[in-house]
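Visitor: Please take a close look at the aromatic rings in this model. I would like one connected account of how they pair and what lies around them.

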Amino acid sequence: MALSVQKRREKQKAELRSELVDAAHKLVQEEGYEGLTIRKLAKRVGYAPMSVYSYFADKQDILFALAEDAFETLARRIEEHPADDPVEALRAVMTEYAAFGLGNPNEYRTVFMTEKTRLPEGRSYEDMEEGNPAMKVLIKRVEACVAAGKLKGDPRAIATMLWTVGHGTISLLITFPFYPFGDPQAYVKRMCDFMLASLSAQDIPPLTDTPINC
């Protein structure tokens, strides 16, 4: 009986947290980073601000929750575009990442372009990695390219370099829309082709001397 009550409470808590994350997404989409406050979030879901603090210690904790949710959404979108050719499968990751960012500029700025000065309380880097299915998909597809002889080197290093260039490209397209990049999608494709060609011409060493488990 007690276990049943505990499970019901845990379910209710998970549902409320999900409701708060959904509301935070909408606030960010409508008002950007500045519009995301504990008070506004509480008002949107009809709860007292102190109730929100029982789920998120501060705004940065909400940002981490939004990031994890965004990575799950992005991973689902990527998985909808499999390909027999490992390079094309990898290209699909970059294409979907760009489409997500350009299609949700306010959310991209808030989730991916605000400084994260610390890990969430009680969470380790390994925990955060486990909660990032999009990076897992990216590394997996890089590994397939390495296995097929299309790329050489450390998969994590290659994946990180691709993410770095992809993020830089999307960030510039969002923050400098007046710059003559040409068609945004065409520019994304050009940068992706450039990076893949560059990576395929060299053997990429690990980023650090300390191995990191994927």
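Guide: There are eight aromatic pairs in the structure, a pair being two rings of Phe, Tyr or Trp (its six-membered ring) with centres within 6.5 Å, called stacked if the planes are under 30 degrees apart, edge-to-face if over 60 and tilted for the rest. Tyr108 and Phe112 are a tilted pair, because their planes stand at 35°, with 4.8 Å between the ring centres. Both residues belong to helix α6 (residues 105-112), where they are four residues apart, about one turn of the helix; helices are DSSP runs of H or I, at least four residues, numbered from the N terminus. Tyr108 and Phe112 are both buried, where buried means under 20% relative accessible area, exposed over 50% and partly exposed in between (1.4 Å probe, protein chains only). Phe181 and Tyr187 also make a tilted pair, at 4.9 Å centre to centre and 50° between planes. Phe181 has a relative accessible area of 16%, so it counts as buried.

The model is predicted: local features need pLDDT of at least 70, side-chain atom pairs count only at pLDDT 80 or more, and totals for chains, interfaces and linings use all residues. Residues are numbered from 1 along each chain as its sequence is written, and side-chain values use heavy atoms, with hydrogens and water left out.

Ring pairs also join Tyr108 and Phe112 with Phe71, Tyr97 and Phe100 in a cluster. Lys59 lies over Tyr33 at 3.6 Å from the ring centre, and Lys13 over Tyr55 at 5.9 Å.

Terms used. Helices (H or I, at least four residues) and strands (E, at least two) are DSSP runs, numbered from the N terminus. A charge sits over a ring if NZ of Lys or CZ of Arg is within 6 Å of the ring centre and within 35 degrees of the ring normal.
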